Amino acid sequence: MIVVHHLNNSRSQRVLWLLEELGLPYEMKKYQRDPKTMLAPEALRQVHPLGKSPVLEDDGVVVAESGAILEHILERHGQGRLQPPPGSEARRRFTYWLHFAEGSAMPPLLLKLIFDRIETAPMPFFIKPVARMISGKVKKTMIEPNLTRQLDFMEGELAKGEWFCGAEFSAADIQMSFPVEAAAMRAGLDASRPRLMDFLKRIHARPAYRRAIERGGPYSFAND
Ligand SMILES: N[C@@H](CCC(=O)N[C@@H](CS)C(=O)NCC(=O)O)C(=O)O
């Protein structure tokens, strides 16, 4: 039996979504973020030493990292579905986007979240202007140019096909959903990038996406 260790409001949503797309049976063990710190509870560290979500258990094997989890599910249970054939150009793109989502797209989004929080964090009044100045500079010189370049790049890539690997929907679209959703929620992705906005509309309309939300609960993309 597949068990998904699911933290509310988190990346494990993508794992539920893939399982729903493939129609695989699974159980969910639910964990709640600390309402103050938004961190995962200690109990997740008993499943995997890093205590992050998602974690998957499948027949005695424990797999962490959402990209690795998606690959594991496809390899063991996918029967060739939701991934382009090995050796194809689409497969090369598939591998690229699977890594890009967490390796390249998420870091600047996470940095933006942290530096936005620094600007509004409670602190002595005489430190606030300094904190705001430093944060503003880092965002302007480093984080925002990176975000803009990445969003432009993703928008351009979607001109090559309806989905990230081309004409067919794949698990790479599931993996890419998180940074695209997060960018729309907190990094200025809007109608000026119509292909990415249309991507969001199309994934939200998928029945499996909706079933995953029903089982796992809604998520806001306001946390890492
Ligand atoms: N790159 C990892 C990131 C895992 C991660 O940071 N998960 C977040 C939830 S989206 C988490 O567990 N946060 C709570 C915490 O850090 O305590 C993946 O894709 O699985």
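Me: Which residues of helix H6 (residues 194-204) are buried?

Reply: Buried means under 20% relative accessible area, exposed over 50%, and partly exposed in between, with a 1.4 Å probe and protein chains only. Helices are DSSP runs of H or I with at least four residues, strands are runs of E with at least two, and both are numbered from the N terminus. In H6, the buried residues are Leu196, Phe199, Leu200, Arg202 and Ile203.

Me: Within what arc do the buried residues of H6 fall, seen down its axis?

Reply: The arc is taken from the directions from the helix axis to the C-beta atoms. The buried residues line one face of H6, because they fall within an arc of 165°.

Me: What pLDDT do local features need in this model?

Reply: Residues are numbered from 1 along each chain as its sequence is written, and side-chain values use heavy atoms, leaving out hydrogens and water. This is a predicted model: totals for chains, interfaces and linings use all residues, side-chain atom pairs count only at pLDDT 80 or more, and local features need pLDDT of at least 70.

Me: Which helices do the buried residues of H6 pack against?

Reply: The face turned away from the buried side carries exposed Pro194 and Lys201. Contact means heavy atoms within 4.5 Å. On the buried side, the partners are helices H1 (12-22), H4 (128-157), H5 (171-186) and H7 (207-216).

Me: Which side chain does Glu20 join in a polar contact of 2.8 Å?

Reply: Glu20 lies in helix H1. It is buried, with a relative accessible area of 12%. A polar contact is a pair of N or O atoms within 3.5 Å; within protein, one must be able to donate a hydrogen and the other to accept it, and residues adjacent in sequence count only if both atoms are side-chain atoms. At 2.8 Å, the partner of Glu20 is Arg211.

Me: How much of the ligand's accessible area does the protein cover?

Reply: A polar backbone atom of Ser53 is 2.8 Å from a ligand nitrogen, and a polar side-chain atom of Glu65 lies 3.0 Å from a ligand nitrogen. On its own, the ligand has 510 Å² of accessible area, and the protein covers 90%. Such areas come from the Shrake-Rupley method with a 1.4 Å probe; for residues, only the protein chains shown count as cover.

Me: What is omega for the cis peptide bond between Ser53 and Pro54?

Reply: Most peptide bonds are trans. Pro54 lies in the loop between strands E2 (26-31) and E3 (55-58). The bond joining Ser53 and Pro54 is cis, with omega about 10°.
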